[in-house]
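Me: I have a model open and want to learn how to read it. Can you take me through it feature by feature?

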Amino acid sequence: APVIGIYKQHRSDLWRHMPSNLIDVVERYHMVDAVPVLREFVKESAFPAYVKERAMTVVESLAPDKQFLKETVTSCQSSTDPQDAAVAMAALDLLITAHSDAVAVREKLRMVVDHASPFIRVKGMHAVGPLEEEIVGGRGFAASLMKLKTRGFEQDYLALLDSAISLWAKGKDFYQYAA
């Protein structure tokens, strides 16, 4: 309780010290009383994106709150800061995986189509970039859509398939992304 009080009150700079440690303790010991503090971590501009994303994930595991995630997406999407964009994307992914939110699913599907990029797989040893990791590894940007198990989005995924067929028609450079 005294440690949580330090993070709530902001009377000294101690609240900025090692927020990741508090997040780990809250998760490990299922400290539901600390959920409001972690929600503030998500809103705190002084913390890096990875701290905000981790706090959001732990909050969602202890006290799921669809509205909080929606507010986070809304507030962070309008920002020009790339760290805020990462937090918005993490919130969108949690809306998909934890709540099967229809608006979030459709928004992410739209983004997959909009982010279509040419890609030719390089043979041999090389550095793997984010696009290649997404296409070859299947993790990253579209991972939340791949984890979705809720019925009711069949037509949306069929529309994605139609988009992939249209993308295929653009030529050989788009085959990997379309697939």
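Me: What percentage of the residues in the protein is buried?

Reply: Start with the term. Buried means under 20% relative accessible area, exposed means over 50%, and partly exposed lies in between (1.4 Å probe, protein chains only). Here, buried residues make up 36% of the 179 residues. This is a predicted model: local features need pLDDT of at least 70, side-chain atom pairs count only at pLDDT 80 or more, and totals for chains, interfaces and linings use all residues. Residues are numbered from 1 along each chain as its sequence is written, and side-chain values use heavy atoms, with hydrogens and water left out.

Me: How many helices and strands does the protein have?

Reply: Helices (H or I, at least four residues) and strands (E, at least two) are DSSP runs, numbered from the N terminus. This protein has 11 helices and zero strands. The C-alpha trace spans about 60 × 40 × 30 Å along its principal axes.

Me: Which residues of helix H2 are buried?

Reply: H2 covers residues 19-28, and its buried residues are Pro 19, Leu 22, Ile 23 and Val 26. Seen down the axis of H2, they fall within an arc of 100°, so they line one face of the helix. The arc is that of the directions from the helix axis to the C-beta atoms. Those buried residues pack against helix H1 (2-9), helix H3 (35-43) and helix H4 (49-62). Asp 24 is also in H2. Asp 24 counts as partly exposed because its relative accessibility is 37%. After H2 comes His 30, with a positive phi near 50°.

Me: Which residues touch the most other members of the largest nonpolar core?

Reply: In soluble globular proteins, nonpolar side chains tend to be buried together. A nonpolar core is a set of buried Ala, Val, Leu, Ile, Met, Phe, Trp, Tyr and Cys residues joined through side-chain atoms within 4.5 Å. The largest one here has 47 residues, and Ile 23, Val 26, Leu 38, Phe 41, Met 56 and Val 105 touch the most other members. Helix H6 (residues 82-99) gives the largest share of this core, eight residues. Contact means heavy atoms within 4.5 Å. Leaving aside neighbours within four places in sequence, Val 105 is in contact with Ile 96, Leu 145, Leu 148 and Phe 153.

Me: Is Thr 72 buried or exposed?

Reply: Thr 72 counts as buried because its relative accessibility is 5%. Thr 72 sits in helix H5 (residues 66-77). Neighbours within four places in sequence aside, Thr 72 is in contact with Val 42, Met 56, Val 87 and Ala 91. For contrast, take Pro 82 in helix H6. Pro 82 counts as exposed, at 62% relative accessibility.

Me: What is the volume of the largest pocket?

Reply: Rolling a probe the size of a water molecule over the atoms shows where empty space is left. On a 1 Å grid over the protein atoms alone, a pocket is an open set of points where a 1.4 Å probe fits, with protein on both sides within 12 Å along at least five of seven lines; lining residues have an atom within 4 Å of a point. Grid points are joined across faces, edges and corners, and a volume is the space filled by probe spheres set on the points. The largest pocket has a volume of about 640 Å³. Of its 24 lining residues, Val 112, Glu 134, Ala 142, Leu 160 and Tyr 177 are the closest to its centre.

Me: Which helix gives the most to the lining of the largest pocket?

Reply: H10 does, with five residues.
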